[in-house]
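Biologist: Let us go through this model term by term. I will ask what each label rests on.

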Amino acid sequence: MNRAHLRAHAEAALVHETGAASVVRQCPQCGSIEHGRPLLIGSDLQVSIAYADDIAVIAWGTNPVGIDIERTDAQPPEGMDVLAWTRLEALGKAAGTGVRTWPQQTPPELTTEPLDLPDQYVGTVAGNALGWRLIAPRPA
């Protein structure tokens, strides 16, 4: 499954899970709708999407949320393991900064949990009072 198809599948799942009308993107830095955070139309819930290979994970909640997934053989920054890297990425997404600003600016009330994923993947979800779901290609 190519990335555009996987993104469309993940966005459709978010619409189904949240009852939103649609998902759009908007960059908080430049305002572009070609990239940036996913936003729901028709819902006040906050959402996050992450991809690795041909799977994706989605998260939604009433408070800031962030989610990240990586292959277990990914190369994280020096001194980190892959799970710690996904935690940092998820916290950055929840804080709305991505990895441009590191965790010292992350809201301290955010909790993180490792995701239950297939063996070759690790991931983390950040936020409170949220739901998350694995999105994978449907069998042929």
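Biologist: Leaving aside its neighbours within four places in sequence, which residues is Arg 133 in contact with?

Modeller: Ala 13, His 16, Glu 17, Ala 56, Val 57, Ile 58 and Trp 60. Contact means heavy atoms within 4.5 Å. This is a predicted model: local features need pLDDT of at least 70, side-chain atom pairs count only at pLDDT 80 or more, and totals for chains, interfaces and linings use all residues. Residues are numbered from 1 along each chain as its sequence is written, and side-chain values use heavy atoms, with hydrogens and water left out.

Biologist: How far apart are Arg 133 and Ala 56, in sequence and in space?

Modeller: They are 77 residues apart in sequence. In space, C-alpha to C-alpha, the separation is 8.6 Å.

Biologist: Why is Arg 133 called partly exposed?

Modeller: Its relative accessible area is 31%. Buried means under 20%, exposed means over 50%, and partly exposed is in between (1.4 Å probe, protein chains only). Arg 133 at 31% is in between, so the label is partly exposed.

Biologist: What makes strand 4 mostly covered?

Modeller: Seven of its seven residues are buried. On one side sit Ile 55, Val 57, Ala 59 and Gly 61. Ala 56, Ile 58 and Trp 60 are on the other. Both faces are covered.

Biologist: How many helices and strands does the protein have?

Modeller: Two helices and eight strands. Both kinds are DSSP runs, numbered from the N terminus: helices are H or I with at least four residues, strands are E with at least two. From the N terminus, the order is α-β-β-β-β-β-α-β-β-β. Arg 133 belongs to strand 8.

Biologist: How do you know that strand 3 and strand 4 pair?

Modeller: Seven bridges join strand 3 to strand 4 (residues 55–61), running antiparallel. Two strands pair if DSSP finds at least two bridges between them. Seven meets that cut-off, so they pair.

Biologist: What about strand 4 and strand 8?

Modeller: Six bridges, again in the antiparallel sense. Ala 56 has Ile 135 as its bridge partner in strand 8.

Biologist: In what order do the three strands of this open sheet stand?

Modeller: The order is 3-4-8, with antiparallel pairing. Strand 3 (46–52) and strand 8 (130–135) are the edge strands, each pairing on one side only. Neighbouring strands are turned by 15° against each other on average, direction ignored. Helix 1 (residues 3–18) packs on this sheet and touches strand 3, strand 4 and strand 8. Its direction makes about 30° with that of strand 4. Axes are lines fitted to C-alpha atoms, for helices over the stretch in contact, and angles run from 0 to 180 degrees between N-to-C directions.

Biologist: Why are strand 5 and strand 6 at the edges?

Modeller: They belong to an open antiparallel sheet of three strands, in the order 5-7-6. Strand 5 and strand 6 (112–114) each have a single partner strand, so one side of each lacks a neighbour in the sheet. The twist averages 15° from one strand to the next. Strand 5 and strand 7 (residues 121–126) pair over six bridges. Glu 70 stands opposite Val 122 in strand 7. Helix 2 lies across strand 5, strand 6 and strand 7, at about 150° to strand 5.

Biologist: How much space lies in the largest pocket?

Modeller: About 480 Å³. Its lining has 26 residues, and the closest to its centre are Arg 25, Gly 36, Arg 37, Pro 38 and Lys 93. On a 1 Å grid over the protein atoms alone, a pocket is an open set of points where a 1.4 Å probe fits, with protein on both sides within 12 Å along at least five of seven lines; lining residues have an atom within 4 Å of a point. Strand 3 gives the most to the lining, five residues.

Biologist: How do the residues of that lining divide?

Modeller: Eight nonpolar, eight polar and ten charged. Asp, Glu, Lys and Arg count as charged; Ala, Val, Leu, Ile, Met, Phe, Trp, Tyr, Cys and Pro as nonpolar; the others, Gly among them, as polar.

Terms used: Grid points are joined across faces, edges and corners, and a volume is the space filled by probe spheres set on the points.
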